[in-house]
Amino acid sequence: MPDADPSALLRKLPSVDEVLGREAVRALLEGHPRPAVVRAVRAAVDAARKRILRGEASPEVPDEAVAAALACGAAPGLVRVINGTGVVLHTNLGRAPLAAEACEAVARIAAGYANLELDLGRGERGSRHAPLEPLLAELTGAEAALAVNNNAAAVWLVLAALAEGKSCVVSRGELVEIGGGFRIPDVMRQSGARLVEVGTTNRTRLSDYADAIGSDTALLVKVHRSNFRQVGFTEEVSTAELARLGRERGVAVYEDLGSGCLVPLRGEGLVPEPTVRETVAAGADVVTFSGDKLLGGPQAGLVVGRKALVEPLRKHPLHRAVRVDKLAVAALEATLRLYRDGREAEVPAVRLLAASRAQLRPRAERLRELVGGDAEVVEVTSQPGGGSLPGAEPPSLAVALGGDAAALAAALRTGEPPVVARVHGERLHLDVRTIFDDELPALAAAVDAARRRVAAKGRTEAC
Ligand SMILES: *Cc1c(COP(=O)(O)O)cnc(C)c1O
């Protein structure tokens, strides 16, 4: 091939101005701002240059490539997706969906000013925790409460404020990794607290903690195994026993609960999870948990406990670096009010986890009808996800699609709207537990488009 020389091909590549001068490209300016069209042309020319350098292609910059780059550039990076995985608290998909009232609160507060740190009655500086504290106190039985950016930050703040330069006693069976590389021993080191490990991986007794208490012991720490289970020859010390020991020896007990369950969860296949109220009642002096796991609110870390221990957290310099933002306060307040008013069934995470297979049946049948073809309703088990309820397997239903499952999954993921499904053997499963009724028509259209793209062997390209 005489034209295989890349430098000769590169010389034939049109300039950005040449492409911009084409009639078809000028027409794009009618519906799009000029900077966006220029950016798209540059991207298309750049892509052609890279193809030449890879030895792949001719120096063409088709009009369609400019239009496609423009569409990619116009689409936001963060988009709504349909979750067909059945994983209710999917960390990659943003964990808990918010309740309608929480969404409304966020929209209201985001669009204007708010009394975030202003006491309207007194006309003085107020606290951003003021709307949350009474709700958290009522729902958990704790004296004081504080919200921060996420639970990882809450753990860090508790250790830094209450145990810097001192030691913390933790069971070897609870030195867990939460995910994303967040490991309890590492956080302890970062916070300046000294870790004193007691017991063995599978068994820790009260005497292990008692023997480890010294003059510099600041906290007895318990970490809830929120993302794994221990079975077999195991022994652990309950919060109540540890709290009794702590009171006898004058050492505070801190429990990182992780998932932050506010009400006992009811639903098929769920395993009991300690609630925050039970943990406080058992005698833990400080408890931390996430806002966007089982609680079903926005990303946040919540600290509840005795006033004398929560107060130093508020004043610690690190608090300013991890403080909760106004949108999270708005969403948290709205979510906590639903619990307070006995309306927790309106919290999506609670509702989705509670749905029985029988309750999911009509949605599965409706989806099967809408997508047609070879679709079948099959029995599956969902997962709570997000490092919560390890071992729970709520029975669920999925619509199974045949064909090239991997190609279909890729086409769905890069479609409009994007759909995340689960490849199960030869088939693709859409678990209806995490699909909302109002998403069904859009999902059916997305399946239709994905099937056609796979049939046409269309390339699956994301922006
Ligand atoms: C999830 C979890 C964390 C981290 O919480 P984020 O809100 O994700 O920062 C910390 N500790 C435990 C036990 C957890 O389960």
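1. Salt bridges. In this predicted model, a search of the whole structure gives 32 salt bridges. Side chains of opposite charge can pair when their charged atoms come close.

2. Arg22 and Asp63. These two residues form a salt bridge in which the closest N and O atoms are 2.7 Å apart. Arg22 sits in the loop between helix H2 (16-21) and helix H3 (23-28), and Asp63 belongs to helix H5 (residues 63-74), so the pair ties together parts that are 41 residues apart in sequence. Arg22 is partly exposed, at a relative accessible area of 26%. Asp63 is also partly exposed, at 29% relative accessibility.

3. Arg343 and Glu101. Here the salt bridge has its closest N and O atoms 2.5 Å apart. The pair links distant parts of the chain, 242 residues apart: Arg343 is in the loop between helix H15 (326-340) and helix H16 (348-354), while Glu101 is in helix H6 (residues 100-110). The relative accessible area of Arg343 is 28%, which makes this residue partly exposed. Glu101 is partly exposed as well, with a value of 33%.

4. Arg128 and Glu117. A salt bridge joins Arg128 to Glu117, and the closest N and O atoms are 2.8 Å apart. The partners are 11 residues apart: Arg128 lies in the loop between strand S3 (124-125) and helix H7 (133-140), and Glu117 in the loop between H6 and strand S2 (118-119). Arg128 has 8% relative accessibility and therefore counts as buried, the limit for that class being under 20%. Glu117 is partly exposed, with a relative accessible area of 24%.

5. A charged network. Salt bridges link Glu174, Lys222, Arg225 and Glu236 in a network.

6. Aromatic rings. How many aromatic pairs does the count come to? By the rule applied, the total is 0 aromatic pairs. A charge does lie over a ring in this model: Arg203 is placed over the face of Phe233, at 3.8 Å from the ring centre.

7. The ligand site. Which residues surround the ligand? They are Arg95, Asn150, Asn151, Ala152, Ile178, His224, Ser226, Asp256, Gly258, Ser290 and Lys293. For Arg95, a polar side-chain atom is 2.9 Å from an oxygen atom of the ligand. The side chain of Ser290 has an N or O atom 2.6 Å from an oxygen atom of the ligand. In the case of Asp256, an N or O atom of the side chain is 2.5 Å from a nitrogen atom of the ligand.

8. Gly260. This residue is located in the loop between strand S8 (252-258) and helix H12 (276-281). Is Gly260 buried or exposed? Its relative accessible area is 2%, so Gly260 is buried. Leaving aside residues up to four places away in sequence, Gly260 touches Val276, Phe289, Ser290, Leu294 and Leu295. Gly260 and Ala375 are 115 residues apart in sequence, and their C-alpha atoms are 38 Å apart in space.

How values were computed. Residues are numbered from 1 along each chain as its sequence is written. This is a predicted model: local features need pLDDT of at least 70, side-chain atom pairs count only at pLDDT 80 or more; totals for chains, interfaces and linings use all residues. Side-chain values use heavy atoms; hydrogens and water are left out. Helices (H or I, at least four residues) and strands (E, at least two) are DSSP runs, numbered from the N terminus. Buried means under 20% relative accessible area, exposed over 50%, partly exposed in between (1.4 Å probe, protein chains only). Contact means heavy atoms within 4.5 Å. Rings of Phe, Tyr and Trp (its six-membered ring) pair if their centres lie within 6.5 Å; planes under 30 degrees apart count as stacked, over 60 as edge-to-face and the rest as tilted. A charge sits over a ring if NZ of Lys or CZ of Arg is within 6 Å of the ring centre and within 35 degrees of the ring normal. A salt bridge is a side-chain nitrogen of Lys or Arg within 4 Å of a carboxyl oxygen of Asp or Glu. A residue is near a molecule or strand if one of its heavy atoms lies within 4 Å of it. A polar contact is a pair of N or O atoms within 3.5 Å; within protein, one must be able to donate a hydrogen and the other to accept it, and residues adjacent in sequence count only if both atoms are side-chain atoms.
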